[in-house]
Amino acid sequence: MRVEFDPEAMSRPALYRFLTSVVVPRPIAWVSTITADGSTENLAPHSFFSIASTDPPIVQFTSIGRKDSLRNVEDTGEFVVNFSSEPLLELINATAIDFPRSVSEFDTAGVEREASTCVRPPRVASSHVVLECRSHTTLRMGNSTLIFGRVVRAAAHEEILVDDRPSSELLRPLTKLGGDEWGTLGEIRHLSRIPYEEPGAH
């Protein structure tokens, strides 16, 4: 027997908890930004994250409400997506605290920076892969804003590359599940896509 849920009858927090427990696992964009005057570098995880386009290369993350990441992107037009891997769990969680905008999560959580190549916000030195982005489009949708960024530079630690691309086994990606649950990759299964063949092709 199914239990039916009416989104219109649910409170917004209850609906949020339900949807984020269903749409799992979700990759985590660990987004670094900088204030317009350059005085504060911010770092925050966003679990509504995906690729929007590969040509041109555009990634997308969502800010629920007006988070510091969104404000800084609006002011500067730049951000960095730092890959979230399993060994970084405690650091990532420590940067999820709702600090004032004038406080740098890099400093409070003790996250080591490294300079970016093409944008002002710094990279996370320990992140295996980083995507430097310039703002492409922002789209307001209900209580959220979707931030689309064109990838202008990507960089990866050499030791996680296999055949010139990052290896999932070596990346050990960290994902967000429902509530306080986090996910790790677990077993990887390899299954080739089946090509379509016209009837009578053989």
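**Entry 1: terms before looking.** I call a residue buried under 20% relative accessible area, exposed over 50%, and partly exposed in between, using a 1.4 Å probe and protein chains only. By that rule R71 is partly exposed at 30%. I note that this is a predicted model, where local features need pLDDT of at least 70, side-chain atom pairs count only at pLDDT 80 or more, and totals for chains, interfaces and linings use all residues. Residues are numbered from 1 along each chain as its sequence is written, and side-chain values use heavy atoms, with hydrogens and water left out.

**Entry 2: the sheet.** I looked up the strands (DSSP E runs of at least two residues; helices are H or I runs of at least four, and both are numbered from the N terminus). Strands count as paired if DSSP finds at least two bridges between them. Here 7 strands form an open, antiparallel sheet in the order 3-2-6-9-10-5-4. Strand 3 (41-46) and strand 4 (49-54) each have a single partner strand, so one side of each has no neighbour in the sheet. Strand 2 (residues 29-34) pairs with strand 3 over 6 bridges, and I found W30 bridged to P45 of strand 3.

**Entry 3: a loop residue.** Next I picked T40, in the loop between strand 2 and strand 3. Is T40 buried or exposed? T40 is buried, because its relative accessibility is 8%. Leaving out residues up to four places away in sequence, T40 touches (heavy atoms within 4.5 Å) T33, I34, T35, R101, S102, V103 and S104.

**Entry 4: salt bridges.** I counted a salt bridge when a side-chain nitrogen of Lys or Arg is within 4 Å of a carboxyl oxygen of Asp or Glu. The count comes to 9.

- D68 and R71 meet at 3.7 Å, N to O. They are 3 residues apart in helix 2, about one helical turn. D68 is buried at 13%.
- D75 and R101 have their closest N and O atoms 2.9 Å apart. D75 lies in helix 2 and R101 in the loop between helix 3 (89-94) and helix 4 (105-109), so this pair ties together parts 26 residues apart in sequence. D75 is partly exposed at 46%, and R101 is partly exposed at 28%.
- R113 and D107 also meet at 2.9 Å, N to O. R113 is partly exposed at 32%, whereas D107 is exposed at 54%. Shared partners join E41, D107 and R113 into one network.

**Entry 5: helix 1.** Last, I checked L19, which sits in helix 1 (residues 12-22). L19 is partly exposed, with a relative accessible area of 46%.
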